[in-house]
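Biologist: Could you take me through this model? I would like to begin with strand pairing.

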Amino acid sequence: MTATTVSHMTFAEFEQLPDEPGKLELLRGELIQLPPAKRDHNEIADGVTFSLAAILREAHLNGKCRTLRKVHREMGYRVGASSWLQPDVSITHAAQRADESYFIGAPALVVEVISENNTAAQIDGKIQDYLAEGAIEVWILYPNRRHMWIYKQAGIAEQHSGPFQSELLGGATIDIAKFLQDQAEQAI
Amino acid sequence: MPAATTQCLTFEEFERLPDQPGKLELLQGELIELPPAKLRHNEIAHRVFLRLLFVLAEVHARGAAGNLGKAFHEMGYRIGKKSWLQPDVSITHAGQESDDYFIGAPALVVEVISEGQTAAQIDGKIQDYLADGALEVWVLYPNRRHMWIYKPDGIAEQHAAPFQSQLLGGATIDITKFLQD
């Protein structure tokens with residue numbers, strides 16, 4: 001099943017939707033419905049979370065990345081007036097705003113792991129809105145092709161398929177191959 | 001209707017498929033089926049084609065962009081052994097090799113995104129076009145009114161306003177004109 005956009009709604013209407021299997025997001029008033037994530041997708045997203053948490057912990061211990069706060073998996077963000085987005089993995093800003101229920105604005109770093117259900121237009125729309133609402137980088141990981149695009153402010157993107165140093169993460173080495181390893185292997 | 005990937009085929013099997021409404025492509029052996037393009041998609045692609053046709057004639061007339069061949073709408077290209085792709089608009093390399101089809105990627109690919117296309121398929125096409133000789137891949141998002149230009153060095157640039165295309169001899173490309181109703 002491909003991601004479907006079934007209707008337009010306000011954030012208040014979106015908040016009242018009943019629980020159902022899969023994932024719901026609101027992108028500029030459009031409801032995006034995704035089927036339940038498959039095991040591979042979840043394992044990769046867990047692997048990214050594990051890696052980023054370790055990197056951020058070390059960076060903080062070394063006094064780096066003070067503008068970044070915490071790594072989250074499937075955290076929801078109110079992005080603008082009519083979007084509520086839930087990236088696979090994210091890192092909040094140190095000064096990220098929040099209300100009683102949600103973080104407000106985009107996180108500092110967004111990671112989306114692409115599955116066969118994601119449409120090109122929806123992914124591009126999310127990239128634009130995350131960056132417009134304060135994200136510093138948006139990482140789009142394509143597991144089948146084993147590479148990642150990093151979208152940045154000022155309309156620039158760069159592709160990585162081997163290890164690289166992330167300036168945002170204090171110069172830490174990011175190895176995409178590790179994201180794609182089995183999580184249990186990675187912990188060894 | 002979203003793009004569907006139904007099965008894996010060889011190029012020979014793909015070539016023997018019967019005609020059917022919509023668009024069929026083969027990407028690394030995977031059959032991609034797209035529903036018939038809608039009016040707006042076709043109009044935008046047609047405007048891009050006409051603009052590139054005009055630009056190419058103009059730059060060739062002044063002796064620029066000699067590495068570029070001809071502009072086409074919906075031309076098919078054999079990319080590697082397992083792909084046959086049909087970009088919305090393309091410009092061939094000057095003297096591009098061909099048999100029943102053009103061989104290898106064109107110099108410039110333009111894809112106009114419609115709602116049915118998946119992110120993985122578009123990314124896969126970008127990778128394969130660039131790996132097989134394309135100099136630039138333009139991916140136009142009509143709803144967001146911008147275009148990403150992907151290049152072989154693993155860098156992409158976003159354009160929403162008029163810009164000068166080095167590939168096209170410095171010609172001005174105005175995305176808003178592609179999107180006019």
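Biologist: Which residue is the bridge partner of Trp148(B) in strand 12 of chain B?

Modeller: The partner of Trp148(B) is Gln158(B). Strand 11 (residues 146–150) and strand 12 (residues 155–159) of chain B run antiparallel and are joined by 4 bridges. Strands here are DSSP E runs of at least two residues, helices are H or I runs of at least four, and both are numbered from the N terminus; two strands pair if DSSP finds at least two bridges between them.

Biologist: What should I know about the source?

Modeller: This is a predicted model, in which local features need pLDDT of at least 70 and side-chain atom pairs count only at pLDDT 80 or more, while totals for chains, interfaces and linings use all residues. Residues are numbered from 1 along each chain as its sequence is written, chains are lettered from A and ligands numbered from 1 in the order in which they are written, and side-chain values use heavy atoms, leaving out hydrogens and water.

Biologist: How many strands form the open sheet, and what is the pairing?

Modeller: The open sheet has 12 strands with mixed pairing, in the order 4(A)-7(A)-10(A)-11(A)-12(A)-13(A)-12(B)-11(B)-10(B)-9(B)-7(B)-4(B). Strand 4 (68–73) of chain A and strand 4 (68–73) of chain B are the edges; each has a single partner strand, so one side of each lacks a neighbour in the sheet.

Biologist: Is strand 11 of chain A buried or exposed?

Modeller: In strand 11 of chain A, 6 of the 6 residues are buried (under 20% relative accessible area; exposed is over 50%, partly exposed in between, with a 1.4 Å probe and protein chains only). The strand is therefore largely enclosed by the rest of the structure. Glu137(A), Trp139(A) and Leu141(A) point one way, and Val138(A), Ile140(A) and Tyr142(A) the other.

Biologist: And how does strand 11 of chain A run relative to strand 10 of chain A?

Modeller: The two run parallel, joined by 5 bridges. Within this pair, Val111(A) has Trp139(A) as its bridge partner.

Biologist: Turning to the interface, how much area do chain A and chain B bury?

Modeller: They bury about 2,000 Å² between them, 55% of it on carbon and sulfur atoms; this is the accessible area (1.4 Å probe) lost on being put together, summed over both. On the chain A side, Ala120(A), Arg145(A) and Trp149(A) lose the most area to chain B, together 27% of what that side buries.

Biologist: How many salt bridges cross the interface?

Modeller: The rule, a side-chain nitrogen of Lys or Arg within 4 Å of a carboxyl oxygen of Asp or Glu, finds 2 between chain A and chain B. Arg144(B) and Asp129(A) form a salt bridge at 2.7 Å, N to O.

Key
Buried area = accessible area lost by both parts, 1.4 Å probe.
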